[in-house]
Every structure is written in structure tokens, then in C-alpha cells.
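Visitor: I would like to learn how to read a structure like this one. Where do we begin?

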Amino acid sequence: MPQSKGYAAQNAQSPLAPYSFSRREPGLSEIAVEVLYCGVCHSDLHMARNEWGQSAYPLVPGHEIVGRVVMAGNSSKKFKPGELAAIGVIVDSCRHCAPCGRGEEHFCAEGATLTYAAKDRVDGSITMGGYSNNYVVDERFAHSVPENLDLASVAPLLCAGITTYSPLRHWNVGPGKKVGIVGLGGLGHMGLKFAHSFGAHVVQLTTSLKKKEDALKLGANEVVLSTDANAMKTHAGTFDFILDTASAPHSLDPYLSLLKQDGTITLVGLPEKPAALNVFSLIARRASIAGSMIGGMPETQEMLDYCGRHNIAADVEVIPIQTINEAFERMLKQDVKYRFVIDMSSLK
Ligand code: NAP
Ligand code: ZN
Ligand code: ZN
């Protein structure tokens with residue numbers, strides 16, 4: 001493999017800066033990909049700053065990757081050099097446990113290998129993510145890309161897309177359901193698009209009322225300022241399902257009060273501190289709090305194909321990699337419309 005170039009954090013306090021490293025040669029069923037675009041997920045920021053206490057440095061973030069195959073191992077069947085391929089949050093798993101057998105590699109009993117800051121199952125090195133010029137992955141963990149979509153806008157589907165598609169499908173969001181999406185960021189705007197596309201009545205819950213017009217354009221039937229207690233009260237007890245994508249610590253109580261009897265709130269946002277919760281908000285309606293994490297390989301491909309058929313992709317702001325630190329700061333200020341995507345040609 002040619003020398004890999006990317007941007008890395010050297011520790012939890014350092015900004016991302018240029019970094020060179022090497023990747024192993026692709027094995028028999030593996031492909032090497034030239035990274036064209038990589039989305040900027042809030043998890044990249046949490047991880048670069050070690051907010052979950054599990055980071056390994058140097059840390060090259062990035063798990064929303066769209067690229068072109070430059071090499072394919074002899075036994076690879078899915079891809080040929082020159083084709084497009086996409087890589088998401090996990091790049092390997094044990095491949096023999098029950099969840100792996102079901103195509104739920106993200107729930108691998110032995111732990112899935114994350115795209116960055118994880119131990120590579122093949123050579124024991126630390127995985128380096130997609131804020132870089134190339135990636136090497138087994139073809140099982142790479143996806144075909146719908147031809148009709150803008151490539152930069154496809155990249156965020158690999159994390160923000162599947163992380164919202166999967167729970168909305170699992171909890172049967174569709175016609176006749178009133179559904180809330182908490183947070184209009186990268187995940188939230190994809191959740192909004194999918195819930196709308198699945199035919200639900202969708203209410204965007206936001207702390208930034210200035211995003212109201214955008215939310216309506218993205219498919220919301222209604223927009224509610226979640227910090228306005230009176231506005232929230234008018235919706236009390238009326239939601240079947242809520243998907244919470246908020247990235248910062250927040251109380252669940254205002255959202256629980258929106259649920260109908262037996263309603264569910266599913267958490268996908270991962271704030272660095274535990275969620276506050278008053279149990280009375282739960283018992284008063286036999287509500288359920290659930291969680292969900294990305295999706296398995298077959299469901300990720302299903303989601304990409306769905307997006308191709310329905311012309312769904314992320315709303316993106318394409319940036320050169322040199323401005324990644326400013327992008328992180330804007331993400332913290334909730335100032336993203338609605339996903340930053342790095343154009344990797346800026347690395348050259
Ligand atoms: P993002 O683009 O920064 O969006 C987060 C949004 O959360 C903000 O735009 C804001 O929306 C809302 N928010 C922020 N602080 C809030 C608060 N105190 N109360 C209520 N809402 C608040 O981030 P993202 O990339 O979508 O990621 C969101 C979270 O999901 C992150 O924690 C990330 O690590 C996690 N994540 C989880 C998975 C998984 O598999 N479960 C996968 C990917 C990411 P408004 O301005 O509309 O209020
Ligand atoms: Zn992510
Ligand atoms: Zn497994």
C-alpha cells in the first residue's frame with residue numbers, strides 16, 4: 001500500500017493535524033479504497049477528545065466513507081477496481097457468533113472492530129479512520145453505492161443514515177404513527193427524512209428554533225421548541241415513538257411526557273454524561289426507554305438501496321480537510337447544515 005496520509009489527534013487536547021502512517025496490503029477477500037469523501041460525525045469529536053474514555057492515539061477519525069476501489073484481493077467477489085464502495089462504523093467482527101450469522105455484526109458477541117481507534121483483527125494494529133486518503137477492509141464490511149446519488153451526500157448515510165434507519169424500521173415507524181425526532185443535526189436530519197419517507201406524522205423537536213423552516217422542508221409536519229414548556233404541553237401524551245439523537249447531556253423527562261401509554265423513546269445520541277430521568281415520567285405511561293446502535297451489514301446495504309430508490313441522501317456542507325477543527329467547533333455550537341463532509345481531494 002502507498003503511504004497513508006490523514007489528519008489525527010495526538011491526544012485528547014490536541015487539534016487534528018496532518019499525520020502519515022501505513023496500512024497493510026489487502027488480503028484475499030479484502031479491498032483497498034481511495035477515500036473520496038468522509039462525513040464528520042459527532043462521534044468523531046467525542047472520540048478525538050476521549051469523551052467516552054476509550055480512545056487510542058494517534059487517532060484518525062472518520063467512519064462515513066465513500067471511495068473508489070483501487071485494489072481487490074483474488075477471492076473478492078463483490079468489487080472490482082474502479083467501482084465505488086462505502087465503509088461505515090465497523091470494519092470487522094468475529095464472523096462466527098450468532099449475531100454475526102444473522103448479519104448483525106454490530107452486536108458481535110466478541111465485539112465488532114470499529115473503523116478507528118480499535119484493534120485490527122488481522123495484524124493487531126490500531127485502526128485508522130477515513131479522514132485519510134485510503135482504507136483497507138474485508139469486502140463483507142464494504143457496501144455498494146447507489147449510482148444516482150451525489151457521492152458527498154451519500155457518505156453520511158454510512159453512520160447517520162443507518163443509525164436512524166435501523167431503529168425507525170425496528171419500531172415500525174410508518175403511517176398512522178406520530179413520531180418525534182430529538183435534535184436536528186447529522187443523525188436528526190436523516191431520522192426526519194426517513195420517518196417522513198416511511199409515512200409517519202413527524203414532529204421535529206429542537207432547541208434551535210432558527211432551524212424551523214429547514215425542518216419543515218426536510219419533511220417535518222410540525223416543529224416544536226423543546227425548551228418551551230407550554231409548546232411541549234400541547235403535545236403531551238400523543239407520541240407513539242421518539243428517536244433521541246441529542247449529543248449533549250439532557251433530561252429525558254420532557255420527552256417522556258410526550259409519549260402515549262406504552263410509547264417508546266429510543267436513544268441513539270451518546271452524551272458523555274449519564275441521562276437524567278425521573279422514574280415517575282416512565283411509570284405514568286408504562287413507557288419504554290430503548291437504545292440502538294448503527295446497523296448490521298445487510299441492513300446497511302438495504303438502507304443504501306432504499307436511499308437510491310427514494311432519492312434520499314444527507315444535506316451536506318463539503319469542506320476541505322484543513323478546516324476540520326473549525327467544523328468540530330461549529331458542530332459543538334449546533335451550527336451544522338446538516339452534515340460536514342470532507343472532500344478528500346483537499347489532502348493532496
Ligand atoms: P450533531 O450533528 O452535532 O447533532 C446533534 C444535535 O443534538 C444538535 O444539532 C442539537 O440539535 C441537538 N442537541 C445538542 N445538545 C442538545 C441538548 N442539550 N438537548 C437537546 N438537544 C441537543 O451530532 P450527530 O452526529 O447527529 O450525533 C448525535 C449523537 O449521536 C452524538 O452523541 C453521537 O456520538 C451519537 N451517535 C450514536 C450512534 C449510534 O450508533 N447510537 C451513531 C452515530 C452517532 P438542535 O439544534 O435541533 O437542538
Ligand atoms: Zn458516526
Ligand atoms: Zn461475531
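Guide: With one polar contact inside the protein. The backbone oxygen of M47 lies 2.6 Å from a polar atom of the side chain of S55. Keep in mind that this is a predicted model.

Visitor: Where is S55 found?

Guide: S55 sits in the loop between α1 and β4 (65-72).

Visitor: Is S55 buried or exposed?

Guide: Residues under 20% relative accessible area count as buried. S55 has 18% relative accessibility, so it counts as buried.

Visitor: What is the phi of I294?

Guide: About 25°, a positive value, although I294 is not a glycine. I294 is in the loop between β15 (288-291) and α10 (297-310). At 8% relative accessibility, I294 counts as buried.

Visitor: Next, charges. How many salt bridges does a search of the whole structure find?

Guide: The idea comes first. Side chains of opposite charge can pair when their charged atoms come close. The search of the whole structure finds 17 salt bridges. One of them joins E105 and R140, at 3.0 Å from N to O. E105 lies in the loop between α2 (98-101) and β7 (113-114), and R140 in the loop between β8 (134-138) and β9 (142-143), so the pair ties together parts that are 35 residues apart in sequence.

Visitor: How accessible is E105, buried or exposed?

Guide: Buried, with a relative accessible area of 2%. R140 is partly exposed, at 26%.

Visitor: Which residue does R102 pair with?

Guide: R102 forms a salt bridge with E104, and the closest N and O atoms are 3.0 Å apart. R102 is exposed, with a relative accessible area of 56%. E104 is partly exposed, with 28%.

Visitor: How far apart are the closest N and O atoms of K80 and E83?

Guide: They are 4.0 Å apart, and the pair forms a salt bridge. The cut-off is within 4 Å. K80 has 55% relative accessibility and counts as exposed. E83 has 30% and counts as partly exposed.

Visitor: Which residues are linked in a network of salt bridges?

Guide: R24, E30, D120 and D123.

Visitor: Now the ligand. Which residues come nearest to ligand 1?

Guide: Read a ligand site from its shell of residues. There are 32 residues around ligand 1, and T206, T207, S208, K211 and R339 come nearest. Then look for N and O atoms. A side-chain N or O atom of K211 is 2.6 Å from an oxygen atom of ligand 1. In the side chain of Q334, an N or O atom is 2.9 Å from a ligand 1 oxygen. L270 uses its backbone: an N or O atom there lies 2.9 Å from an oxygen atom of ligand 1.

Visitor: How much of the accessible area of ligand 1 does the protein cover?

Guide: On its own, ligand 1 has 920 Å² of accessible area, and the protein covers 94% of it. Two elements give two or more residues to the shell: α1 (42-48) and α5 (186-197). The most come from α1, with 3 residues.

Visitor: What is the make-up of that shell by class?

Guide: It has 14 nonpolar, 16 polar and 2 charged residues.

Visitor: Last, the surface. Which residues make a nonpolar patch?

Guide: V279, F280 and I283 make a nonpolar surface patch of about 350 Å². I283 is in helix α9 (residues 279-283). I283 is exposed, with a relative accessible area of 59%.

Visitor: And L259, is it buried or exposed?

Guide: Buried, with a relative accessible area of 1%. L259 belongs to strand β14 (residues 259-267). Its C-alpha atom is separated by 8.8 Å from that of H235, 24 residues apart along the chain.

Technical notes
Residues numbered from 1 in each chain as written. Chains lettered and ligands numbered in written order. Predicted model: local features only at pLDDT ≥ 70, side-chain atom pairs only at ≥ 80, totals over all residues. Heavy atoms only, no water. Near = heavy atom within 4 Å. Polar contact = N/O pair within 3.5 Å; in protein donor to acceptor, adjacent residues only side chain to side chain. Areas by Shrake-Rupley, 256 points an atom, 1.4 Å probe, with all protein chains shown as cover. Helix = DSSP H or I, 4+ residues; strand = E, 2+ residues; numbered from the N terminus. Nonpolar A, V, L, I, M, F, W, Y, C, P; charged D, E, K, R; others polar. Patch = residues over 30% accessible without salt bridge, like charges linked within 9 Å, V, L, I, M, F, W, Y side chains within 5 Å. Salt bridge = Lys/Arg side-chain N within 4 Å of Asp/Glu carboxyl O. Buried < 20%, exposed > 50% of the residue type's maximum accessible area, 1.4 Å probe, protein only.
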